[in-house]
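Trainee: I am new to this entry and would like to learn how to read it. Please show me the entry, then take me through its features one at a time.

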Protein chains: 2
Amino acid sequence: MRQPAHAATGRGGSGRRRGGASGPVTIEDVAARAGVSAATVSRTLNGNYPVAATTRTRVERAVRDLGYVVNAHARALAGSTTRTVGIVVNDVIDPFFAYIARGVEREATARGRMCLIAATQGDSRRELAIVDLLHEQRADAVVLVGGAVADPAYTKQMAARAKALAAGGSVLVLCGRPSLGPGVPTAQVGYDNEGGAAAITEYLIAAGHRRILYLGGPAELSTSRARLAGHRKALRARRIPSDPKLIQTGAFGRRFGYHRMQELLAAGPDFTAVFAANDVVAAGAMQALHEAARTVPDDISIVGYDDVPVAAEVRPGLTTVHVPLEEMGREAVRLALAGEDTDTNAPPTQAVTVGTHIVARESVAAPSKGARRQR
Amino acid sequence: MRQPAHAATGRGGSGRRRGGASGPVTIEDVAARAGVSAATVSRTLNGNYPVAATTRTRVERAVRDLGYVVNAHARALAGSTTRTVGIVVNDVIDPFFAYIARGVEREATARGRMCLIAATQGDSRRELAIVDLLHEQRADAVVLVGGAVADPAYTKQMAARAKALAAGGSVLVLCGRPSLGPGVPTAQVGYDNEGGAAAITEYLIAAGHRRILYLGGPAELSTSRARLAGHRKALRARRIPSDPKLIQTGAFGRRFGYHRMQELLAAGPDFTAVFAANDVVAAGAMQALHEAARTVPDDISIVGYDDVPVAAEVRPGLTTVHVPLEEMGREAVRLALAGEDTDTNAPPTQAVTVGTHIVARESVAAPSKGARRQR
DNA sequence: TCCACTGTAGTAACCGCTTACTACGACGGC
DNA sequence: GCCGTCGTAGTAAGCGGTTACTACAGTGGA
C-alpha cells in the first residue's frame, strides 16, 4: 500500500489519477491537477489566507474532478483542533440523556463539530475508560452528562482526567453533576436539583399533603441525592417529620417505579402523595397505581421531575419540574467552545446554571378525606 | 507552539518531561524515558510484535509515569484504520432511531470502536453533508439508519458517496432502507416492512375488520411506502377494496397521529380498525380516541409497528409488529466489520434480513355490532 | 570454531495536512 | 528610474504515530 518516496514526489502532471486506481486522493493530487502547490490547495480549502480568484477556481475544479475529501486526521494532527466533541451518557435511550445529547449534538453540529458518543450503562469504571478513549481522540470538549456516583476514589480519578485533558487543550464539561473539587479545570452546566425538589415538595405541601412518599433513583447518584436533599429541606422548613419508610431509593427506571409502588401498595400505603425523583419513575408508579385501582390525583397525588415527554403523555398529565435538558446540552458546548474565537484561552473553570420551574398538570389535588382518615 | 527540529530530536535523557511543562506527552517522550526507541513503545502498546518482558515493563512504567495517552489521529494517519464508526440518524430522541443507535454503539464499543453520531432531522440534503463529514473522518463504517426518501436524485448522490467511501476502504451500511441500486457497494440490514405490514393487516382482517384506516408516515419515505404496500397487498389478497379515504399519510410523530385522528373522528369515522405505521403514531391516535370517548378495542381496534416501549406502556397494550431494532444496529456493525480479521477484503455487497413478528396485546378485538351497523 | 538462525530492538520512511518563512513580480512614491 | 510595499504562491518543517527493513547479540548444530 505504501508508495516509495519518489513515487509520491514524482512529477504530478495532468496524467495522474485518471482512473482513480492509485489509492485515495490526497491534497498533493489536487495540487498537481490544479498546477499549484499543496499549500495553496490547503489555503483555498480553509479560506484563511488570500488566494487569487483564478487560482481558487482552478483548485475548486480539481477538487471536484478528483472527488477529493480532506482527511480529518491529517488535519487534526497538523492543526490545533480536531473539531470534535465527545458526549458521555448513561444510555442513549433514556430521555434525560437523549435530550441533553441532542442539545450537544445540535450545538456542536451548528459549530461545525462532529460528535463522538459513548454509553457507560451507569458503570463509572466504564465511564473513566470512555473518557480515556475520548482523550485519545483529542476531542476539543468532553461532556459528561447526568449524575455521578458520589465516590471519592472515582472523583479523584476523574479529576486526574480533567487535568490531563486540560493540559492537552481540551475541556471537560460536567453537565448536571457536581464539581470535581476546587482547582480541577472543568466547565459546568448545572441546574438546581435541590431547589427544584424543594419547590415541588412545597407544592405538594401547599396542596395539603403531609405524608409524601419520595420514590427515588440510585442512592449513590448525585442527582438522586440532591433531589432527596431538597425534598427533606422542604419538609424540614414546614416542620414535617421525615419518615424513613417514606424514603424509597433504588433506580431511575420505569420498572423501579412500577414494582416498588406495587409493593408499597400491597403493604398498605401510608401516604397521600408521591414525589418521584424523575418522570419515568413516576410513569411506572402511575401504572401500578392504576392497576391497583387508585385514582390519580383523587386518591393519591403524584409529581415527577425533568418534564420529559412522558410527563405530558400519561393520563392524567404529570405535574413536574421542568428542566431545559436540550438547552443544557447546547450550553455545555457553548461553554466549552467559548474561547475558540478569542486568542486567549478561556478561563479554565466556568459554570452556568439553568433555571427550572414547575409545570402544573393534573396529577396533584388535595388529599382525599378517605386518605386523611386512613392515617 | 511548534518546536524547531533540533529540539524535538535532541537527546531525550532522563531529565525531560519532569515538570510536564513542555506540551503534550508524545511517544518519543515515553521512549526517551524508558530508554528505548519509539518503535519499541509502539510495539509494546499495540502488542502485535514480540517485546522482551523487561522492556515491556520499562515502557509501561514510563507510560504511567508520564501519563501518556496515544494520539488517535496520528495512529489513524499512520495506520490503516481509524477504529471509528459513524451513525446517521434522523433524531436521537425518536425511539426507532435511538434503539438502532444503541445497537450500533454497543457493538462498536464491544469491538473497540468509537462512534461518531449526527442527526439529519429528516433532511436528506443534510444527510448527504453528514456522510461527507464522516468520510472526512474516514470512519471505518458509516451506518445510515432508517427510511430514505424515494428520490432518484438523492439516491444517485448517495450512491456516489457509497463508491467514494468504498474506494477509501470504508463501508456504507444501509440499516432499514432499500438498496442504492445494483453495483453500488453497500452492506444492508433489512427487515421485511412489506411482509410485516401485510401480516398485521391480515391479523386485523382475521379479527373481522374490513374497514381499516392506514395512518402512516411521510409519503416519500421508503419505510412508509413499504408498510403501505404491504397493507394494500394484504387487502388485495382478501379482495377487500382499498378506499383512498382510508389511506392517511403525513408524518411519523405522535403529533401527527393525534391530530389526524381527531380530524377523522370529527369527520365521522368510517373504519373499525386502525393500522398506524408506527407505535408512536398509534400512541397519538389512541390519545385522540380516548379523548373522543372511543374505547380501544371495543369501539375501534388499533395496531402499530416497531414494538418500541410505548407500545407496552399505553393502555390498553398495543398489538404491534416487533422489530429487533437494537439487533439491527449490532448487525450493521458486524456486517461492516466482518472483514476486519481476515486478510481479504470482505465482499463489497452483503445483506442480512432480520425477522419480525406480531406481538399481540390488548388493542385488537372483533368489530363491534355498532360499528358494523354504522356502515 | 564457524555459521545459520532466532529473538529483539533500532532506523527511517512514510501517512496527509498546516503554516512559518521565503520568494518574487507588479505598483506607486519620490 | 529606483526601491519599499503589497499581493500571491512555493518550500519545507513539522504534527505523532506505524512498520518494512536492517542490525546485532545469543544459541545450537556441523
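Mentor: Start with a network of salt bridges that links A:Asp91, B:Arg102, B:Arg106, B:Glu107, B:Arg111, B:Glu326, B:Glu327, B:Arg330, B:Glu331 and B:Arg334. A salt bridge is a side-chain nitrogen of Lys or Arg within 4 Å of a carboxyl oxygen of Asp or Glu. This is a predicted model, in which local features need pLDDT of at least 70 and side-chain atom pairs count only at pLDDT 80 or more, while totals for chains, interfaces and linings use all residues; side-chain values use heavy atoms, with hydrogens and water left out. Residues are numbered from 1 along each chain as its sequence is written, and chains are lettered from A and ligands numbered from 1 in the order in which they are written.

Trainee: Which elements of chain A give two or more residues to the side that touches chain B?

Mentor: Helices (H or I, at least four residues) and strands (E, at least two) are DSSP runs, numbered from the N terminus. On the side of chain A that touches chain B, the elements giving two or more residues are helix H5 (72-78), helix H6 (95-110), strand S2 (114-119), helix H7 (124-136) and helix H12 (279-291). H5(A) gives the most, with 7 residues. Chain A as a whole has 15 helices and 12 strands.

Trainee: What area do chain A and chain B bury between them?

Mentor: The size of an interface is often given as the accessible area lost when the parts come together. Buried area here is the accessible area (1.4 Å probe) that two parts lose on being put together, summed over both. Chain A and chain B bury about 4,300 Å² between them, and 57% of it is on carbon and sulfur atoms. On the side of chain A, the residues that lose the most area to chain B are A:His73, A:Met114 and A:Arg315, together 18% of what that side buries.

Trainee: How many residues does the contact take from each chain?

Mentor: Contact means heavy atoms within 4.5 Å. The contact takes 42 residues from chain A and 41 residues from chain B. Of the interface residues of chain A, 98% are also interface residues in chain B, so the copies meet through the same surface.

Trainee: What rotation superposes chain A on chain B?

Mentor: Copies are superposed by least squares on the C-alpha atoms of residues with pLDDT of at least 70 in both. Here a rotation of 180° with 0.0 Å of shift along its axis superposes chain A on chain B, with RMSD 0.0 Å. That is the relation of a two-fold axis.

Trainee: Now to pairs within one chain. Where do A:Arg161 and A:Asp132 lie?

Mentor: A:Arg161 is in helix H8 (residues 152-167) of chain A and A:Asp132 is in helix H7, so the pair links distant parts of the chain, 29 residues apart. Their side chains meet in a salt bridge at 2.6 Å, N to O.

Trainee: Is A:Arg161 buried or exposed?

Mentor: Buried means under 20% relative accessible area, exposed over 50%, partly exposed in between (1.4 Å probe, protein chains only). A:Arg161 is buried, at 19%, whereas A:Asp132 is partly exposed, at 28%. Buried residues make up 51% of the 375 residues in chain A.

Trainee: What does A:Arg211 pair with?

Mentor: The side chain of A:Arg211 meets that of A:Asp270 in a salt bridge of 2.7 Å, N to O. A:Arg211 lies in the loop between H9 and strand S6 (212-215), and A:Asp270 in the loop between helix H11 (254-266) and strand S8 (273-276), so the pair ties together parts of chain A that are 59 residues apart in sequence. A:Arg211 is buried, with a relative accessible area of 14%.
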